[in-house]
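Take a look at the structure first, then read on.

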Amino acid sequence: MVRKALITLLLAAIVVPAAAAGNGNGKAKPLDPSQAQALASTPGQSLETTISRASKADALAASTQPGAQTELASGFATAAQAVAASTGCTAWQSGWGWGTWPYDQQVYDHTYYCAVTGDHITYRTTTVTTGGTLCGTESRNNWIVSGGIGYFWMVVHAEARFACPTAVPWVTLHPTDWLETSYNAWGNAAQVGHS
């Protein structure tokens with residue numbers, strides 16, 4: 001009898017927070033862990049991609065954005081020198097989305113880079129931003145996985161780790177999502193991989 005009452009109280013403690021988290025009137029609410037896992041892990045799709053010429057001033061200013069990671073070709077002491085030595089700069093924004101609402105996750109790569117056209121990349125700065133409904137961002141990062149600054153191409157890996165709550169307060173999903181983009185000294189870019 002006591003055991004049955006304890007089980008009923010425990011179930012009520014789990015169900016009540018889930019019901020209070022949203023009533024379906026346009027608000028997302030956490031789901032049970034198995035449903036949440038199924039929705040969070042659905043395959044992704046490419047999000048809006050834009051590439052455009054950028055002024056040297058805009059490329060340099062991008063390095064001051066919160067979370068920006070900047071790299072220069074060897075021989076340059078400052079970003080301003082690396083940008084000034086280039087013959088052109090490019091701005092790229094792309095993203096990839098995973099999951100199904102309300103467990104959707106988006107990762108966006110915002111990269112400005114400058115190059116001596118057709119020869120080598122002198123400068124790059126990348127900022128990773130994220131989006132999602134229930135899934136909050138735990139961390140963001142980016143790095144070069146192939147080629148690099150001083151080469152005629154580079155592949156940048158942009159990733160984020162998310163925290164997605166479930167209806168069970170102590171169960172949180174932690175997906176890590178990434179996309180990779182290839183850039184070249186001619187001012188071209190394309191997505192080349194994703195998780």
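**Salt bridges and an asparagine**

Arg124 is buried, with a relative accessible area of 1% (buried means under 20% relative accessible area, exposed over 50%, partly exposed in between, with a 1.4 Å probe and protein chains only). Please keep in mind that this is a predicted model, where local features need pLDDT of at least 70, side-chain atom pairs count only at pLDDT 80 or more, and totals for chains, interfaces and linings use all residues. Residues are numbered from 1 along each chain as its sequence is written, and side-chain values use heavy atoms, leaving out hydrogens and water.

**Salt bridges**

- The count comes to two salt bridges (a side-chain nitrogen of Lys or Arg within 4 Å of a carboxyl oxygen of Asp or Glu).
- Arg124 pairs with Glu71 in a salt bridge, at 2.6 Å from N to O.
- This pair links distant parts of the chain, 53 residues apart: Arg124 is in strand 6 (residues 120-132) and Glu71 in strand 3 (residues 69-72) (strands, E, at least two residues, are DSSP runs numbered from the N terminus).
- Glu71 is partly exposed, at 30% relative accessible area.
- Glu138 and Arg161 form a salt bridge, with their closest N and O atoms 2.7 Å apart.
- Glu138 is partly exposed at 40%, and Arg161 is partly exposed at 32%.

**Asn184**

- Asn184 lies in strand 10 (residues 176-184) and is buried, with a relative accessible area of 18%.
- A polar atom of the Asn184 side chain lies 2.9 Å from the backbone nitrogen of Trp186.
- Leaving aside residues up to four places away in sequence, Asn184 touches Tyr113, Ile121, Phe152 and Trp153 (contact means heavy atoms within 4.5 Å).

How values were computed: Helices (H or I, at least four residues) and strands (E, at least two) are DSSP runs, numbered from the N terminus. A polar contact is a pair of N or O atoms within 3.5 Å; within protein, one must be able to donate a hydrogen and the other to accept it, and residues adjacent in sequence count only if both atoms are side-chain atoms.
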